[in-house]
Amino acid sequence: MSNLPYVVGNWKMNGTRALLTEARSIDRASGRYPKVQVALAPPFTLIHRLQEAVQNIGVGGQDCHAEESGAFTGDIAAPMLKDAGADFTIVGHSERRSMHGETDEMVKAKAESALAAGLTVIVCVGETEAERDAGQAETVVSGQVENSVPRSEDAPARLSVAYEPVWAIGTGRVPSVGDVAAMHRSIRAKLVEIYGDAGTEVRILYGGSVKAENAAELLGASEVGGALVGGASLSAESFIAIVGAASPDQQE
Ligand code: PGA
């Protein structure tokens, strides 16, 4: 996979066709930052339209089912995402883990299904506030990585891991840059343990209250290969400021 900084907007359950205007603006502005890989994960209903509306950015899903088809009312399979024009999917977001009871094993099966369908995949991990307060953050996240990442041979080349502390999502609170760097180093060590040298290729994104104001500092931390952005990805102005902060040209 590319080693450019990867900035991905997760629209969550937000957006109807009206929001395609923001996507077009994001797409146009992203053309000014060729050294950043930019992508959006809109709701399923907008994937096809968004993909047709953009040229410079990737388009992906926010989840997929582990099976390719079947009697799973309301679910979406990875080959359907691919067919709708998606390039990637997010799996294992903490909102799916907590609100839909997704376990590491389920997340891993979803990630493997996404790869088998020809998508790249972003696997999310992150500790709760209680786990951090108990000094368990690195142990918990390491365990999630161990049990959630796909194991197929081509996995490391097509995988990103997003570290998103649950307590930082949508709260305006972010860990210190030192804590982010320490966690990213720990995730890197686990990926190398799993995949050998190929584990160094996997981009590790930070997510949780990334905004224009804190993006440069967070993206500058060691082993931070990009950002997964929720709220601030809903407007072109705030999202493009984050893309700009990720651009190596900007940081020189
Ligand atoms: P946030 O969400 O940027 O709104 O905190 C991040 C995420 O959940 O991916």
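Predicted model: local features only at pLDDT ≥ 70, side-chain atom pairs only at ≥ 80, totals over all residues.
Gly 230 places a polar backbone atom 2.8 Å from an oxygen atom of the ligand. For Gly 231, a backbone N or O atom lies 2.9 Å from an oxygen atom of the ligand. How much of the ligand does the protein bury? Taken alone, the ligand exposes 290 Å², and the protein buries 97% of that.

Step back to the whole protein. The domain assignment gives domain 1 as residues 12–63. Domain 2 is given in pieces: 105–112, 133–206 and 216–227. Taken over C-alpha atoms, the centres of domain 1 and domain 2 are 24 Å apart.

Last, the cysteines. A disulfide is a covalent bond between the sulfur atoms of two cysteines. How many disulfides does the structure hold? It holds zero. Start with Cys 64. Its closest cysteine sulfur is in Cys 124, 12 Å away, so the two are too far apart for a bond. The cut-off for a disulfide is 2.5 Å between the sulfur atoms. Are these cysteines buried or exposed? Cys 64 counts as buried because its relative accessibility is 0%. Cys 124 also counts as buried, at 1% relative accessibility.

How values were computed:
Residues numbered from 1 in each chain as written. Heavy atoms only, no water. Polar contact = N/O pair within 3.5 Å; in protein donor to acceptor, adjacent residues only side chain to side chain. Areas by Shrake-Rupley, 256 points an atom, 1.4 Å probe, with all protein chains shown as cover. Domains from an automatic or database assignment. Buried < 20%, exposed > 50% of the residue type's maximum accessible area, 1.4 Å probe, protein only.
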